[in-house]
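These entries record what I looked up about helix packing and pockets.

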Amino acid sequence: MRGVVVAASLALLLSAAPVFAQTAGQTQPAAPAGQPPAQRPAQTVPPPAPQPPAPFPQGAKIAFVNLQQIASQSADGKAANAKVQALIQKKQVEGTEKTKTLQGNQQKLQQSGSLMNEQARTQLEKEIERQQREGERFQQDAQAEVNELQQELQNEFQKRLFPILEQLSKEKGLQILFSAADAGVIWAEPGLDLTGDAIKKLDAAAAKPSSPPKQ
């Protein structure tokens, strides 16, 4: 970015590391017998009204943004997170089905293995070993696929965001724009926080229809 320094690399607020092979049949613990269900309070305290953003200090040459907040609150960031969540959910469903099949064969071997002839029992044992190996590979491949998608979306997000930050910095007459988290900001004038402005500009750019290709 010319004329602007963003002292950080962008980190999208995506989901925590997924678990793809989940044990089938897991349920939440039930409430003890005889204990009434928890009652919601009759009245809830309304959230405080949002405060207007602090004005930008006139003549300031340094400001900062919260990149994680931009990623989590902007339309582009939310769309990226939704794509990752969809892939994680898909892989979790596939992993759960594989786990159910494996558990079914394990249960069959445990309950009926002694009644099988040697050939049938050996074949079932080999099938269980194959499914275990495939399950391990599936988890590794699924995690790699999610990581690849996260990296791809992060790169695309950076390409859209950094020109917006450069434009915003020029409009404010800045010499330096910091990432608050990575720069280690302990305290700053609230008006120097341009996170909200960056989100508005990014969302506005995303809402503009793309121009048709030139003939």
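Entry 1, orientation of α3 and α5. The model is predicted, and I looked up how helix α3 (residues 118–172) lies against helix α5 (residues 195–207). I found a packing angle of about 125 degrees, with the axes 10 Å apart. Angles of 65 to 115 degrees count as roughly perpendicular and those over 145 as roughly antiparallel, and α3 and α5 are therefore oblique to each other. I also noted the hand of the crossing, which is right-handed where α3 passes α5.

From α3, I listed Phe 157, Arg 160, Leu 161, Ile 164, Leu 165, Gln 167, Leu 168, Glu 171 and Lys 172. On the side of α5, the contact is made by Asp 197, Ala 198, Lys 201, Leu 202 and Ala 205. Sorted by class, the contact of α3 with α5 holds eight nonpolar, one polar and five charged residues.

I then looked up α2 (75–112). α2 and α3 pack at an angle of about 175 degrees, and their axes are 10 Å apart. That angle makes α2 roughly antiparallel to α3. I recorded 14 nonpolar, eight polar and eleven charged residues in the contact of α2 with α3.

For the largest pocket I noted a volume of about 280 Å³. It is lined by 16 residues, of which Pro 53, Ala 54, Asp 193, Gly 196 and Asp 197 are the closest to its centre. Asp 197 is also in the list for the contact of α3 with α5.

The volume of the second largest pocket is about 210 Å³. Of the 14 residues in its lining, I noted Lys 98, Thr 99, Leu 102, Gln 131 and Gly 135 as the closest to the centre. The elements that give two or more residues to this lining are α2 and α3. Which element gives the most? My entry for that is α3, with eight residues. I recorded the lining of the second largest pocket as three nonpolar, seven polar and four charged residues.

Notes
Residues are numbered from 1 along each chain as its sequence is written. This is a predicted model: local features need pLDDT of at least 70, side-chain atom pairs count only at pLDDT 80 or more; totals for chains, interfaces and linings use all residues. Side-chain values use heavy atoms; hydrogens and water are left out. Axes are lines fitted to C-alpha atoms, for helices over the stretch in contact, and angles run from 0 to 180 degrees between N-to-C directions. Helices (H or I, at least four residues) and strands (E, at least two) are DSSP runs, numbered from the N terminus. Angles under 35 degrees count as roughly parallel, over 145 as roughly antiparallel, 65 to 115 as roughly perpendicular and the rest as oblique. A crossing is left-handed if the near helix is turned anticlockwise from the far one by less than a right angle, and right-handed if clockwise. Contact means heavy atoms within 4.5 Å. Ala, Val, Leu, Ile, Met, Phe, Trp, Tyr, Cys and Pro count as nonpolar, Asp, Glu, Lys and Arg as charged, and the others, Gly among them, as polar. On a 1 Å grid over the protein atoms alone, a cavity is a set of points where a 1.4 Å probe fits but cannot get out, and a pocket is an open set with protein on both sides within 12 Å along at least five of seven lines; lining residues have an atom within 4 Å of a point. Grid points are joined across faces, edges and corners, and a volume is the space filled by probe spheres set on the points.
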